[in-house]
Structure formats: C-alpha cells, structure tokens
Amino acid sequence: MTLFLQRVIDGLQNGAIYSVVAIPMVLIFKATTLINFAQGELAMLGAFFCFVFAVQVWSVPVAIAAILAMILAALLGMGIERTMLRSFDPTDHLPVVLITLGIFYIVNAFAGDIWNYQVQPDVPNLFPFADGTTVLMQSETNRLGLRIQHDSIAIILSLLVMLGVLHLILNKTKMGLAFRGVSSNTESSRLVGIRVGRILSFGWALACAFGALGAIIVAPRIQLQPNMMLFVLVYALAAAAFGGLDSVGGAAIGGFVIGLLNSVVLGYVADIGVMSSLTAAPLVMPVIVLLVVLWFKPSGLFGTKTIERV
Amino acid sequence: MSDVMLEVKGLKASYGQVDVLRGVELEVRTGEVCVILGANGAGKTTTLRSICNMPIVASSGVVKFAGTDISKSDTGAIVGQGMAHVPQGRGTFPELSTIENLQLGAYVRTDNEVEDDIDRWFQMFPVLKDRKDQAAGSLSGGEQQMLAVSRALMSRPKLLLLDEPSLGLAPIIIEDLFSTFKQINEDEGTTMLIVEQNANLALSIAQSAYVLETGSIALSGPAAQLRDDPAVQEAYLGA
C-alpha cells in the first residue's frame, strides 16, 4: 500500500514538472498553431540566467534573480519571434517547426559551451521551504516510509499560481482578449485592428517568461545542466497533446496524468523498462500516450475541435 | 470632411500569375450605400480585400479613404482610421463568446462607451443578447452574420465594407438583414460599400452601383438607373 501511495506521489511530483513545461508550449501553440520544440531549451536557458544572477556572478536574492531571468527570457522569446519566425508564412508549418528544432540545437550547444554538460552544484531553491523531505508512515518493517519532497509542493504551488496568473492575463485583459482573438482567427484579428505581429511577440514573451519560471522552480529537483529538459520535453509534449494542445488547463492536467501513468505503470510493469533497457526507457510511456491520443482523439481531452457552422 | 469617402483609382491585383483586377475605378460618396455587382470570379471580393490591404493579394493602385492615401497602410491602421470590413464567410472569432467578439470589435477604440454600444447592437439584434455567452462558432449562419456586422460596427466605422452578406442565408433573413443595413445607414450615417450577388435587394437599398466584369468596371451609375438597365436586368436581375 505504501509503495502504491509512493508511486502516486512520485507521479504527481513528476507530473507537476511536465505541466510547467507543457503550459508555455500550449501558449505558443495557441498563438501560432505550431509546436515549439525549442521550448524546453529556452526554459533551461532561463534557469541558467537565474543561476548566473543568483550564484555564479552577482549573488542577488533568488526571487529577484528569477524575475530578471524571466524578463531576459521574455526578451529572448520576442527576439526569436521577430528575427527568425515573423518573415515566414505562419500557415506553412514545416519551415517554422524546423526552425524551432534548429533553435533547440543552437541553444543546447550554446549552453553546453558556456556551462559545460555537467550538473551545477548549489542551485538555489526559489522557495526557502523547498529543501527537505517529509517522511510519513515510517515503521519497523517499512524503513523508507512515504516520502514527500518539499520542492514538489513548491512546484505544484507555483503551477497553480502560474495557472491563475495566466487565466487573469488571458481572460481579464485587453491584450489577453486580443491574444485569444489571434488564436481563434488571424484574419478577423487584422480586421478589428489588432497588430497580429505584436500579439505574437507578446505570446512568445509570455511563454518564455513562464517557461523560465518553470525551469527555475524545477532546476534544483531535476538538476541544472544543459540537457535537463531533453526528456522532460517529450513528457511535456505528451501532456500538452493529451490536454489538447490549445488548452492551458488541459496541459496542466495532462502533465499529472502522464506523471501518474509513468510512475504507476512503469512501477508495476517493469518489462517496459527491461524492453528497452536504456536510460530512456521511461520515455516509452509518453510516446504511447501520444500515439493513443493522436489515434483516437487528436484534439485531446480539452482542446478545441474546430467548430464551424455555415 | 470631403464629399467622397472612398476613392479607388487604377486598382490592380493578382494572385501569383493570375490578374484578378485590371484597373478598377470607383468612388463612394459620404453617407451613401454603394453596391458592387458581378458574377463569380469577377473580382468583387478581391476589390474589397485590396482596399483594406489584406494579405495574400499583391495589389497596386491608389486608394484614398476620407482624403488620405491608404494604399500602403497596414490593415490594422486602416481599421483605426475608421474602415470596417465584414469578410465573406462572416469573419467572427468562432472560439470566443458573442460578447467577446463584440469587445474585440471595439479593439481600436479607447473611449469608455464600449458597453453602451454593445447594448445598442443587442437591441438591434436581440437574438445576439440571448447568445451572449455562447461561442460564436455555435451560432446559426444568420446569427453569425448579425454578429459579424455588429462586430464591425463596434469600431464605429465611417465606412463599412460588406462582402456578400447574404451568402448562405435564408431569403427571409436576408431581407431582414438588408433592411437593418438601410436603417443603420440612415440612423448612424455609416457609409456602406456592399458586394452582393443578390442584386435586386442590394440595388433596392443602394444609391449608387457598379458592375464588375472580369476585373474592371463595366457599368456604373445611380442604383435606380442600373436597375432599369436592360443589360443589368438580363445578367443580374433574372428578368
């Protein structure tokens, strides 16, 4: 029983990580209907920015370093949209998606060059309470007990705050309304006077800022290094697809579902792990979910089915 | 304020190699309803799209709106100057609610009378009020057209471009819609340029009319005169 509970908790803990990476992907998808493969790497860069400000160079307080990193990441996102993507026809997905793949490799190599492909020690937690572990249900027969890592609580809390803030921005501000307008119909957006390009910049800025925040929060947990997002990206993609690619809340739920499935199924069906017997073994799960979703419900659980009545 | 709201000179447009407009000339006077008739493929939609510089078409020529040359302006900026366009196929935001569609219609405005205007169009189209929290994509064709028109009017335009507002609607709804256009034109003084296949109805509310044939203006004149023209009657009025 304790083992099962532990697997559920592990699943939720990991799920929160997938959610925080999936949400920015959904933002970009909503704005541009393309999947930004560089999302994880840009988020990783954001976490390094924060590390540089807080530890490596200036040792400013973590919260301030995090805000600075978010601003920097937002500017970077706007710059990428403006210089690399704007000039392409947004309805032609292939070149744009290939560019995001290119950015993925460039950012990864760039980070590797500066910080080396090794784990950075002493990555600060954004929340002071996030260090440590609570152990429940410990007994003579079960020495391990039920372990809840505090940083998971921090991650889940941040996820909720992130969702709340995004909800406010998207539903209560004029900019957010314009963003949803562009997401719904680009041509009509132009016709009501929305400068579509500016809204896309805004979408990238928002996604990169929140991506950075997500990476900053999960960095102490999954270890800060240039490849930190490599596998997470696959889970996040599956989470976003599960939730429906254009639903922010769906991506959050998708993350938890993927996390739970991964930890519970892999926990009991060890053969999946044995089957591929590599470090990438757990990746089988999200790929299966991805396939099942794409086969049976391509719009995901909470995504918009293209509704049209003529 | 000049007497001429919209002046189009030598408007040419092409999609790739295909020339669609070969020098369209037209003029819409302030306060009037002007209609462009023409068969499928004559270039009616392209004319409207080129006027407000929407993408995909490559166009050249001079378009003057209330005296200012807007041929090089961005679509968004043109809307800001007071031109609104209801494109063919409605042009609403299907995932957003009716009321959000109207709010977005007022995107270029900075005054605080947006709510009043929403109420005003809800009075004009009461069915929209019943559907105010419903996604626009789930409205019926006629309701969507009403929404598209109100959405355009929310920007308080001086000139309203309507691209085949009757397309796909039941005859009785079309008649209602056109009498509403007439009422809006009279009450608000909104100048209108309507592209329409339903020539009879369009000519009945218009003051002036143009007939577009394979990319250039073949006939023009006061609406009443065109209605009596034998060539127009034969080609567009089914006489």
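A nonpolar core is a set of buried Ala, Val, Leu, Ile, Met, Phe, Trp, Tyr and Cys residues joined through C-beta atoms within 7 Å. A residue counts as buried if 20 or more other C-beta atoms lie within 10 Å of its own, as exposed if 12 or fewer do, and as partly exposed in between, with C-beta atoms placed from the backbone. The structure is a predicted model, in which local features need pLDDT of at least 70, side-chain atom pairs count only at pLDDT 80 or more, and totals for chains, interfaces and linings use all residues. Residues are numbered from 1 along each chain as its sequence is written, and chains are lettered from A and ligands numbered from 1 in the order in which they are written.

The largest nonpolar core holds 162 residues, and those with the most contacts inside it are A:Ala47, A:Ala73, A:Ala212, A:Ile216, A:Ala236 and B:Leu161. Helix α8 (residues 196–222) of chain A gives the largest share of this core, 18 residues. Contacts are pairs of residues whose C-beta atoms, placed from the backbone, lie within 7 Å. Leaving aside residues up to four places away in sequence, A:Ala47 touches A:Ala212, A:Ala215, A:Ile216, A:Ala219 and A:Leu224.

Chain A comprises 12 helices and 2 strands, taken as DSSP runs (H or I, at least four residues, for helices; E, at least two, for strands) and numbered from the N terminus. Of its 310 residues, 48% are buried. Among contacts in chain A with a separation of 6 or more, 74% join residues 24 or more positions apart.

Helix α12 (residues 284–296) of chain A has 13 residues and spans 18 Å from its first C-alpha to its last, close to the 18 Å expected at 1.5 Å a residue. Its buried residues are A:Met285, A:Pro286, A:Val289 and A:Val293. These lie on the same side of α12(A) because they cover an arc of only 95° around the axis. They pack against α9 (230–243) and α10 (248–268) of chain A. The face turned away from the buried side carries the exposed residues A:Leu291, A:Leu294 and A:Trp295.

The contact between the chains takes 26 residues from chain B and 19 residues from chain A. On the side of chain B that touches chain A, α2 (75–80) and α3 (98–105) of chain B each supply at least two residues.

Chain A has an average pLDDT (the predictor's confidence in each residue, from 0 to 100) of 81, and 90% of the residues score at least 70. Among the elements of chain A, the mean pLDDT is lowest in helix α11 (residues 270–276), at 53, and highest in helix α6 (residues 174–184), at 89. Where pLDDT is low, the predicted coordinates should not be read in detail.

Notes
Two residues are in contact if their C-beta atoms, placed from the backbone, lie within 7 Å. The expected span of a helix is 1.5 Å times one less than its number of residues. The arc is that of the directions from the helix axis to the C-beta atoms.
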